[in-house]
Amino acid sequence: MKQIVGESLARRLVAWGVDTVFGLPGDGINGLMEGFRRCQDQIRFVLVHHEEAAAFMATGYAKATGKLGVCVATSGPGGIHLLNGLYDAKLDQMPVLAITGMQETSVLGTHYQQEVHLDRLYQDVAGYNLMVTNPQQMPAVVDLAIRNALSKRTVAHLTFPNDLQVAPIDEDPYRHIAPAHSPATAAVHRPGRLPPDPEDLRLAAEVLNAASKPAMLVGAGALHAREEVLAVADKLGAPIVKSLPGKAVVPDDHPLTTGGLGLLGTRPSEELMEECDTLLMVGTSFPYTKHLPPPGQARVVQIDTDATRAGLRLPTEAPVVADAKLGLQALLPMLRGGQRQFLEKYQSKMGTWRSDMAALEDATRDPIAPQYLMACVDEAAADDAILTTDSGTIATWAARHWTIRGDRQFYLSGNLATMAPGLPYAIAMQHAFPGRQVIAFVGDGGFAMLMAEFLTAVRHRLPIKVVVNNNNSYGQILWEQIILGYPEYRVRHAEPEGDFAAWARACGGHGVKVTRPGDVAAAVRDALAHPGPALVDCDVNPDEPPMPGKITYDQAKHFTEAFLRGQPHKAATVASVARDKISQLID
């Protein structure tokens, strides 16, 4: 058989080292699917149930491996479904290639069925975006798309009309007018880590050496630089604050860290940001500026690979455009040993905070405390487990009660903060790391959106573990309404609560429903020990508030206003808050 464009695409992906693509077939990509069929011994096509999940899987694969993620969808509606997962990749700077179909060229512009011009639709999400219209463009445009995705850490998109997909790769349909021919390219990309400029380092060291109350804020861009982050923090005597996507930069029980920042963070992190006189930001563009030192309070040094992000959130006196690991390695010998009173002050505060959090992990509470559910997962999970989570209250419980230790990892939708990626992420990461324990800690709302993908896990024999924090509501939105001063509205589902364990069993996996606190720990342990896909659906207290680390006057005022304006479930909410405070005092 002659090689067709679809086969040329598949073979070029193989040449780039791609061994897994996530997608859903359709008549708009039958030529591409034929190409994957011809290369099935070299590239695995993971068949999913929803294209949005395929894009999340490609993004999760890129996050966990650092390699290119690839997703495939048909023309029209299939390509539209990819968008949410692709924006997740774009906003978290992950290299993902999206491949879609298009109506054949002879009917384009005639309002043909499913005619959606995906190249126009993807203009904002994709850094490289092309409709391929000539076999002679292959495989050079594939190389360009992948190189753009990897170099710019963003989304690239190629869409192929139906007729082009099945055209012979050597077909040359048009007369050549330009004084050029299609470029001959290679499937090669050398990322090369960006070294720091010596003068930038000198200025950064000067600012940091003058600090009396230094602090570090680290993010996902420093995940590969744990030892360097710890060494610089120790030298400066600076407590390490972590963004949520950067939770795994340093272990949560390390004496140099005060944990997260923001609504999901810790009180010590919040308070030290109000006091520090110098802030070293590494691999983060933390967006919630209300939780950062106000301009003028602290001198700022920032290390980032992207020059446009250095100084984006705060006036930055010493920006260093460099890879986090290389920048910190070069900076370390230029630093003088700092005083440690500021660090020791917040180490003491962190001891109190850890004690307060442990008090909330109460095994006796009924309804079940979500903090206790997360603590049971934390205790039973392996030291190299990967935890994925959705956005919402589950992110709060994971941020505070999932302990980074050993080689544990943690992934969520950082900047898009979308619902539903936890399960698809877990599937992709289990494909990437078949020997590791992969756990999705998700809410009932996010799980219900893409729950068909549990069947994907069963069919692919992936031993993922899913823990559903089931409060039968959109818990984060509930509390966000209240914190604005308004009573909650239309954020709770009517009874009964869903039984997702029954769905897991119907799919052929292990599923258990938990409604009593005494059954939680054993259910989690049994699920983690199960050799195949397993799900624990745990009914938790729907009135447990994800309280900020430090409550402001305005937050307390608006909370009270919501109650005065008719907030339902007042008694249960007040009881939950009171039990939290009593538990902390007794502990």
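Which elements do the buried residues of α9 pack against? They pack against α10 (226-236), β10 (278-282), β11 (299-304), β12 (318-321) and α12 (324-331), where contact means heavy atoms within 4.5 Å and buried means under 20% relative accessible area, exposed over 50% and partly exposed in between, with a 1.4 Å probe and protein chains only. This is a predicted model, in which local features need pLDDT of at least 70 and side-chain atom pairs count only at pLDDT 80 or more, while totals for chains, interfaces and linings use all residues. Residues are numbered from 1 along each chain as its sequence is written, and side-chain values use heavy atoms, with hydrogens and water left out. Helices (H or I, at least four residues) and strands (E, at least two) are DSSP runs, numbered from the N terminus.

- The residues of α9 that are buried are Leu201, Ala204, Ala205, Val207, Leu208 and Asn209.
- Helix α9 (residues 198-209) has twelve residues, which at 1.5 Å a residue should span 16 Å, and this agrees with its end C-alpha atoms, which are 16 Å apart; the expected span is 1.5 Å times one less than the number of residues.
- Helix α14 (residues 370-380) is largely enclosed by the rest of the structure, because nine of its eleven residues are buried.
- Those buried in α14 are Pro370, Gln371, Tyr372, Leu373, Met374, Ala375, Cys376, Val377 and Asp378.

**Pairs of helices**

- The axes of helix α1 (residues 5-15) and helix α2 (residues 30-38) come within 7 Å and cross at roughly 50 degrees, where axes are lines fitted to C-alpha atoms, for helices over the stretch in contact, and angles run from 0 to 180 degrees between N-to-C directions.
- α1 and α2 are therefore oblique to each other, given that angles under 35 degrees count as roughly parallel, over 145 as roughly antiparallel, 65 to 115 as roughly perpendicular and the rest as oblique.
- α1 passes α2 in a right-handed crossing; a crossing is right-handed if the near helix is turned clockwise from the far one by less than a right angle, and left-handed if anticlockwise.
- Gly6, Glu7, Leu9, Ala10, Arg11 and Leu13 of α1 make this contact with Gly31, Leu32, Gly35, Phe36 and Arg38 of α2.
- The contact of α1 with α2 has five nonpolar, three polar and three charged residues, where Ala, Val, Leu, Ile, Met, Phe, Trp, Tyr, Cys and Pro count as nonpolar, Asp, Glu, Lys and Arg as charged, and the others, Gly among them, as polar.
- For helix α3 (residues 51-65) and helix α16 (residues 422-432), the axes come within 7 Å and cross at roughly 50 degrees, and the crossing is right-handed.
- On the α3 side, the residues in this contact include Phe56, Met57 and Tyr61, and on the α16 side they include Pro424, Tyr425 and Ile427.
- By class, the contact of α3 with α16 has eleven nonpolar, three polar and one charged residue.
- The axes of α10 and α12 are 9 Å apart, and the two helices pack at an angle of about 35 degrees in a left-handed crossing.
- Here Glu228, Val229 and Val232 in α10 meet Lys325, Leu328 and Gln329 in α12, a set that divides into three nonpolar, one polar and two charged residues.

**Backbone geometry in the loops**

- Most residues other than glycine have a negative phi, and most peptide bonds are trans.
- Another cis peptide bond runs from Glu495 to Pro496, with omega near 5 degrees, and Pro496 lies in the loop between α19 (475-483) and α20 (500-507).
- Arg153, although not a glycine, has a positive phi of about 50 degrees; Arg153 lies in the loop between α7 and β6 (155-161) and, at 35% relative accessibility, counts as partly exposed.
- Arg490, in the loop between α19 and α20, also has a positive phi, near 55 degrees, and is exposed, with a relative accessible area of 71%.

**Phe500 and its surroundings**

- Phe500 is in helix α20 and counts as buried at 10% relative accessibility.
- Not counting residues up to four places away in sequence, Phe500 touches Asp444, Phe447, Ala448, Met451, Val468, Asn470, Leu535 and Asp537.
- Phe500 and Leu535 are 35 residues apart along the chain, and their C-alpha atoms are separated by 8.0 Å.
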